[in-house]
Amino acid sequence: MDFFRRYRFIIITVIFLVAALTVFSINANQDPRETISGRLVLELVGPLQSLVSSVGGFISGLWNDYFALVQAARQNRELKFQLDLLSQRMVDYEEIKLENGRLQKLLALRQESDPPQTAAQVVGWDPSGNFRTAIINKGTNHGVEPQMAVVNSQGVVGRIIWASPNYAKVLLLLDPNAAIDVLVQRSRARGIVEGAGSDSLRLKYIVRAEEIIPGDIIIASGDEGVFPKGMLVGTVRAIHPELAVIFLPVELAPAVDFERLEEVSVILRRRVLD
Amino acid sequence: MAPLRIKKPDPVFGPRLLGAALMGFLLSVLSTTVFSWWSLGEAQVQPLAALAVWAGFNLPLFSGALLVTFLGYVVDNLSGGIVGLHMLVYLTMFYACAVAEHHLALNNWAYQMAATGLMSMLSPLIIMGGLMLASRQYLASQDMLTMMLLQAVLSALFAPAVFLALQWMIRALQKVWPRRQQGED
């Protein structure tokens with residue numbers, strides 16, 4: 001008893017640190033798992049996050065709307081001009097689409113129907129700032145499950161890592177542990193895109209011989225069965241041939257503006273593993 | 001290492017622990033919303049580090065450790081890391097401050113602010129080490145040292161707001177706390 005009293009501080013310290021290390025070691029070697037307590041945390045914190053996000057969104061909306069009004073007239077003129085150009089381009093695209101449909105029928109290719117989606121709002125972000133994750137307000141009750149793709153109108157956002165009944169955690173494409181199989185739209189060169197920080201992506205496994213230039217559009221290949229083929233991932237920002245050994249180090253600008261990410265869509269289709 | 005003194009029973013222990021737990025929950029929510037919106041580049045205020053430091057200086061050993069472990073678990077479930085990583089981070093912060101409090105009697109706000117700054121610099125290093133051990137990739141920016149310093153300064157400057165809010169919450173809880181209930185772990 002005296003021993004415990006004498007070394008109480010050290011004993012308690014060691015017990016807690018060993019317990020934390022054990023929990024860490026168990027979880028370190030496996031993919032993120034949904035646990036009952038983890039879901040409970042998300043369900044408890046989620047409503048408050050939604051509330052704070054709504055209030056924050058309302059305030060920033062008021063602020064942004066004021067500035068938006070100031071610039072609206074000028075932007076309106078520019079947009080009308082762009083609309084005229086795009087209308088003509090749409091006619092061209094429609095023509096190409098019809099032609100493509102006819103050719104696909106000829107080749108008897110299976111046309112994949114659009115997968116179902118559910119819209120969700122981002123209610124929270126990583127609390128530590130060390131990871132790139134977001135919490136959305138849709139969960140298993142809405143059909144959301146791990147590994148599902150998360151996109152928005154701009155392009156690929158990330159994928160679900162786990163879900164509670166009403167909330168889900170998204171691993172954003174910016175996180176270095178996120179990866180997606182891609183194609184360079186122009187040259188059809190294949191590669192893997194990984195997250196590289198706050199506003200940057202890294203395109204890997206592009207061989208030196210491949211022709212790639214700044215401004216090239218990078219799209220999802222659809223091969224991994226998570227993201228729809230052709231979904232925009234980013235554009236080439238810089239290429240560093242001086243650092244290349246076998247593969248070209250390529251820096252990408254993400255298609256999605258993650259700083260202003262508010263609404264997303266979850267594609268309710270799971271990857272089918274062989 | 002010399003044996004350490006055991007604290008005397010504390011009459012405001014209950015309100016302090018409950019106040020810290022409630023504040024921890026509130027700060028967890030704010031860290032995922034308000035504080036992530038207000039980040040300066042990759043540097044983000046770490047209010048939970050301030051709470052772990054406060055716990056190290058002001059809470060008894062067992063209950064304080066239990067609180068920061070729980071806090072770490074909540075953060076682990078809200079972030080994209082490995083469950084157990086933030087538990088380790090906050091426990092390390094807590095014990096470092098508890099040792100400083102026991103041995104050096106450093107327990108005023110200035111020391112606690114400095115400790116918050118130091119500990120928020122330590123946190124990314126522990127996380128980086130943990131992720132390397134688990135063979136995962138870490139989001140290391142090119143100017144990591146600058147970011148760590150900036151984060152330390154931000155967190156240290158913000159710490160008094162956390163301490164004030166805690167003090168206010170504890171006082172409010174004391175008013176409604178049953179008078180008979182006193183104790184220590």
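**Notebook: chains A and B**

I began at strand 4 of chain A, where the bridge partner of Asn152(A) is Gly155(A); helices (H or I, at least four residues) and strands (E, at least two) are DSSP runs, numbered from the N terminus. This is a predicted model, in which local features need pLDDT of at least 70 and side-chain atom pairs count only at pLDDT 80 or more, while totals for chains, interfaces and linings use all residues. Residues are numbered from 1 along each chain as its sequence is written, chains are lettered from A and ligands numbered from 1 in the order in which they are written, and side-chain values use heavy atoms, with hydrogens and water left out.

I then noted that strand 3 (residues 149–152) and strand 4 (residues 155–163) of chain A run antiparallel and are joined by four bridges, where two strands pair if DSSP finds at least two bridges between them.

Next I turned to the contact (heavy atoms within 4.5 Å), which takes 50 residues from chain A and 52 residues from chain B. Helix 2 of chain A gives the most to the side of chain A that touches chain B, with 13 residues.
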